[in-house]
Amino acid sequence: MLLLPLFLWILLVSNTQVSSQSRFIILVPARLRLGMKLNILLEAHSLSKPITVNVTVYTYPNRYVLTRDSAILNSKNSYSALKTIELNPNLLTLETKKNKFVTLVADFGSFHIAKKIIMLSFRSGYIFIQTDKPVYNPGDTVHYRAFVSNPEFQAFNSTISLEIQNPDGIVIHGRANASASNGILSESYTLYTVVKEGKRKVVAKFDNVKANTFSAVFDVKKYVLPPFNVTLTPKKSYLSLDEEKLEVEVTARYLYGEPVKGVAFVLFGIEINGEKKRITSMKQLNDVS
């Protein structure tokens, strides 16, 4: 079951001293996310002339300006406007990021000033990384994909940075400002034939908020699939034309004697005058143990 926050938006309603019926409303998200566009609703009621509303977002508590914008409320837009703001994470210092709060100020001119301290989120989304295999031989090509989503787990286009680290944490391959079309980015990397065995890590970061990292691990080691023998033994040494079925026992064992567990696909055929012909209607898929 998906649990949603109880309050997704913060509603500020203020009465002015000009008229007992005048009200100013600002509707803002309960949490501001860095690097993402966010909407703010501004409204004024019972006014007869246009008004300019200035919206400013400051760091908290030292009031360093992060972004500012303005909107005009008039009779043409029914004294209601939706403004879009975006907080640039590059404007935040390391000390500012520790506070995790900002101050939003909506200045309605001589009528009213609304202020609100809002929590700041450094989570601009999620990156899920997938490799085509968990283990690779030296010299193999690693195919991997990154699935990019917003905080609501919806795919969206964003630029990310990808890198592959060796067991010592040294970057051996990387790509910056890679665009994830429709939320998916596919890449490949060929391992050297002479390489140190051990675990490698694929690390991904959002270009706009590099504080959040996502990773997936794969292993590099020399491995050889063990050889095995497959034996087909018919229940009868002959087959009559009147027979309705042909029973064959399929066994598979490794060369060291242990049985092989898997799936066997058996296709029967006949040989006429030295020519082998398949009987496609006589095929079966069974488990081998």
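**Reading the model**

Modeller: The protein has 1 helix and 21 strands, where helices (H or I, at least four residues) and strands (E, at least two) are DSSP runs numbered from the N terminus. This is a predicted model, in which local features need pLDDT of at least 70 and side-chain atom pairs count only at pLDDT 80 or more, while totals for chains, interfaces and linings use all residues. Residues are numbered from 1 along each chain as its sequence is written, and side-chain values use heavy atoms, with hydrogens and water left out.

Biologist: What percentage of the residues of the protein count as buried?

Modeller: Buried means under 20% relative accessible area, exposed over 50%, and partly exposed in between (1.4 Å probe, protein chains only). Of the 289 residues, 34% count as buried.

Biologist: How is a nonpolar core to be read, and which residues have the most contacts inside the largest one?

Modeller: In soluble globular proteins, nonpolar side chains tend to be buried together. A nonpolar core is a set of buried Ala, Val, Leu, Ile, Met, Phe, Trp, Tyr and Cys residues joined through side-chain atoms within 4.5 Å. Here the largest core has 30 residues, and Ile-26, Ile-40, Leu-73 and Leu-104 have the most contacts inside it. Two or more residues of this core come from each of β2 (23-29), β4 (37-45), β5 (51-59), β6 (65-73), β7 (80-86), β8 (101-107) and β9 (113-121). Another core, of 22 residues, lies apart from it and includes Ile-127, Ala-146, Ala-180 and Val-220.

Biologist: In what order do the 3 strands of the open sheet lie?

Modeller: Two strands pair if DSSP finds at least two bridges between them. The order is β10-β12-β15, with antiparallel pairing. The edge strands, β10 (126-131) and β15 (184-190), each pair on one side only. Between β10 and β12 (residues 141-149) there are 6 bridges, and Ile-129 stands opposite Ala-146 in β12.

Biologist: How should I read an aromatic pair, and how many does the structure hold?

Modeller: A pair of aromatic rings is described by the distance of the centres and the angle of the planes. Rings of Phe, Tyr and Trp (its six-membered ring) pair if their centres lie within 6.5 Å; planes under 30 degrees apart count as stacked, over 60 as edge-to-face and the rest as tilted. The structure holds 9 such pairs. Tyr-126 and Phe-128 are stacked, because their ring centres are 6.4 Å apart and their planes are at 25 degrees. Tyr-126 is partly exposed, at 24% relative accessible area, and Phe-128 is partly exposed at 41%.

Biologist: Which parts of the chain does the pair of Phe-228 and Tyr-254 tie together?

Modeller: This pair is edge-to-face, with 6.1 Å from centre to centre and 85 degrees between the planes. Phe-228 lies in strand β18 (residues 228-234) and Tyr-254 in strand β19 (residues 248-254), so the pair ties together parts that are 26 residues apart in sequence. Phe-228 is partly exposed, at 44%, as is Tyr-254, at 21%. Elsewhere, Phe-24, Phe-108 and Phe-111 form one aromatic cluster.

Biologist: Where does Tyr-79 lie, and is this residue buried or exposed?

Modeller: Tyr-79 lies in the loop between β6 and β7 and counts as buried at 11% relative accessibility. Its phi is positive, about 55 degrees, although Tyr-79 is not a glycine. Asn-182, in the loop between β14 (171-180) and β15, has a positive phi near 55 degrees, and counts as exposed at 60% relative accessibility.
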